[in-house]
Amino acid sequence: MIGRIKGILIEKQAPDILVDIQGVGYELLVPMTTYYQLPGIGQSILLHTHLVVREDAHLLFGFSELDDRRMFRELIRISGVGPKLALAILSGMSTTEFIHLVIENDFVGLTALPGVGKKTAQRLVVEMKDRLENWQITELSDSPSSVKQEPTSHRQLEKDAVSALIALGYSPQQASKSISKIRDQAQTSEEMIRLALKSM
């Protein structure tokens with residue numbers, strides 16, 4: 001099991017990133033809560049990881065916070081919740097917010113997440129509630145990284161944001177519609193994704 005990696009961030013296109021470790025490029029999938037905190041291209045990065053082994057692929061997931069990785073591992077233990085859905089859940093809200101929704105039986109808040117229907121929301125509450133009541137968590141920042149980025153056309157930023165939302169489980173129509181609503185309120189693809197997720 002690969003538990004942690006440290007290297008140089010060489011590519012990022014939410015939710016995928018590529019990290020160079022002594023000449024070897026590692027592809028990782030990260031939730032948006034981690035993506036917001038990424039440094040600029042060419043800078044050093046350290047992530048806590050979880051390796052999912054399937055018959056057709058080995059998928060490496062990365063998290064900036066240990067609490068996020070711990071929550072990811074709890075989520076994929078639930079029947080009907082695979083790595084992709086767990087990633088979408090942790091992209092739609094922080095670990096702290098998710099815990100509050102579960103403890104408060106907030107089914108409406110949970111079904112707002114991509115891929116989470118009424119039955120899945122009920123299963124999340126039933127199976128996670130006892131595990132989370134005494135969960136000791138680190139308060140996570142809600143602020144996106146302020147790393148300076150290279151200039152990119154607004155149209156390309158919109159395309160990147162739409163692609164990220166589709167990768168997180170939204171339909172192309174939902175993604176395009178949500179980005180079109182907030183396109184003038186953001187200057188980076190990260191801001192667009194963040195605003196779109198809040199508006200859904």
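Let me start with Phe-72: at 0% relative accessibility, this residue is buried. Buried here means under 20% relative accessible area, exposed means over 50%, and partly exposed lies in between, with a 1.4 Å probe and protein chains only.

Before I go on, the ground rules. This is a predicted model, so local features need pLDDT of at least 70 and side-chain atom pairs count only at pLDDT 80 or more, while totals for chains, interfaces and linings use all residues. Residues are numbered from 1 along each chain as its sequence is written, and side-chain values use heavy atoms, with hydrogens and water left out.

Back to the rings. What does a search of the whole structure find? Two aromatic pairs. Phe-61 and Phe-72 have ring centres 4.9 Å apart and planes at 35 degrees, so that pair is tilted. The rule covers rings of Phe, Tyr and Trp (its six-membered ring): centres within 6.5 Å, with planes under 30 degrees apart called stacked, over 60 edge-to-face, and the rest tilted. Phe-61 sits in strand β5 (residues 58–63) and Phe-72 in helix α2, so the pair ties together parts eleven residues apart in sequence. Phe-61 is buried, at 2% relative accessibility. Next, Phe-63 and Phe-72: centres 5.1 Å apart, planes at 50 degrees, so tilted. Phe-63 is buried too, at 0%. Together, ring pairs make a cluster of Phe-61, Phe-63 and Phe-72.

Now the overall layout. The protein has nine helices and five strands. Both are DSSP runs numbered from the N terminus: helices are H or I with at least four residues, strands are E with at least two. The order along the sequence is β-β-β-α-β-β-α-α-α-α-α-α-α-α. The chain has 200 residues, and 44% of them count as buried. Take contacts between residues at least 6 apart in sequence: 60% join residues at least 24 apart. A contact means heavy atoms within 4.5 Å.

On to the strands. Two strands pair if DSSP finds at least two bridges between them. Strand β1 (residues 4–13) runs antiparallel to strand β4 (residues 44–53), with five bridges. There, Gly-7 has Ile-45 as its bridge partner. β1 also joins strand β2 (residues 16–21), again antiparallel, over five bridges. Leu-9 stands opposite Val-19 of β2. Two residues separate β1 and β2, which form a hairpin.

Next, salt bridges. How many are there? The count is three. The rule asks for a side-chain nitrogen of Lys or Arg within 4 Å of a carboxyl oxygen of Asp or Glu.

Arg-54 meets Asp-56 at 3.1 Å, N to O. Arg-54 is partly exposed, at 42%. Asp-56 is exposed, at 62%.

The others share Glu-74. Arg-77 bridges to Glu-74, with the closest N and O atoms 3.1 Å apart. Glu-74 and Arg-131 meet at 2.7 Å, N to O. Glu-74 lies in helix α2 (residues 66–75) and Arg-131 in helix α6 (residues 118–132), so this pair ties together parts 57 residues apart in sequence. Is Glu-74 buried or exposed? Buried, at 14%. Arg-77 is exposed, at 58%, and Arg-131 is partly exposed, at 28%.

Last item: Lys-12 lies over the face of Tyr-35, 6.0 Å from the ring centre. That rule needs NZ of Lys or CZ of Arg within 6 Å of the ring centre and within 35 degrees of the ring normal.
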